Amino acid sequence: MNQVFTNQAFTNRTSASQASANQPSMSQAPANQTFTGSSSYVASEELMGAVNIALVLQKPLLIKGEPGTGKTMLAQAVAEALNKKLIIWNIKSTTKAQDGLYVYDVVQRLYDSQFGTHGVDDIARYIKLGKLGEAFQAQEQVVLLIDEIDKADLEFPNDLLWELDQMEFYIPETKETIRAKQRPAVIITSNAEKELPDAFLRRCVFHYIDFPDQKQMEQIIRVHFDNLDQHLIHQALASFYWIRQLTGIEKKPSTSELVDWLRALVAGGVNPDRIRKEIPFAGVLLKKDKDLQTLHRNGG
């Protein structure tokens, strides 16, 4: 996303967008809420711009990037910055779109009927809303994170097209339509394990999070550590990026592994001047035998 708008520009565009929106059954998001980062998350101008464009257009924001680039934490930062509740829908290989809407516990109803439980005829008692249903039913706008959507089967994204477009779904057991009281801000993450359908992609604002450069990574480290020796930071970062560029490394260390490594270096009282020569606690950074062997072959 190359174009970055100022906060005032976002406010103006949001107001215009909302004035033209024809959705009388759904309350609109406040026009003056834009994302400018948070105290616990370092975001680039391009990423903040993508978040705000998605908010203005009222479209899901699809975030891709290699593991450790802060995709999941982005949703937490947006919720924190905009003072909104965060609802997380963690996607697994067995997850179905229906799981996010509602579940009808027919087994529990059958069990209750056998024991004469009062109210068994009230089917609504046995309907439990999923994460998407929760977001729709919230009285105030929430941030909904659909995390690692590419873990599910290929039909999963297509099965959500109507719900994400219209912000409603139908429950045939109770003959009830659940409509969003406030349109949630939807953030979807993907590790690019599978290609997502074109029809789904057309409905999203897309942003790819590049791996942080050394300057931005130092800012991220400062978020996690209050008083860390500057020499230690520079030596650790130099070693970290050197390892990432080694030919043959299959699983490059990510931001979370760097943070853990720094904690290990501090806890171990390692002299910063040793770091580049020895790469102490290399197993915190690298998690594969082949990668450790590659490191050792290159003098680490």
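Of the 300 residues in the protein, 46% are buried, meaning under 20% relative accessible area with a 1.4 Å probe and protein chains only. This is a predicted model, in which local features need pLDDT of at least 70 and side-chain atom pairs count only at pLDDT 80 or more, while totals for chains, interfaces and linings use all residues. Residues are numbered from 1 along each chain as its sequence is written, and side-chain values use heavy atoms, with hydrogens and water left out.

**Overall fold**
- The protein has 15 helices and 9 strands, taken as DSSP runs (helices H or I, at least four residues; strands E, at least two) and numbered from the N terminus.
- Among contacts (heavy atoms within 4.5 Å) between residues at least 6 apart in sequence, 73% join residues at least 24 apart.

- Beyond four places in sequence, Phe200 touches Ile149, Pro157, Asn158, Leu161, Leu164 and Ile188.

**Lys71**
- Lys71 lies in helix 3 (residues 71–82).
- Lys71 is buried without a salt bridge (a side-chain nitrogen of Lys or Arg within 4 Å of a carboxyl oxygen of Asp or Glu); the nearest side chain of opposite charge, Glu148, is 6.3 Å away.
- Leaving aside neighbours within four places in sequence, the contacts of Lys71 include Glu66, Thr189, Asn191 and Ile209.

Notes:
Buried < 20%, exposed > 50% of the residue type's maximum accessible area, 1.4 Å probe, protein only. Lys, Arg positive; Asp, Glu negative; His and termini not counted.
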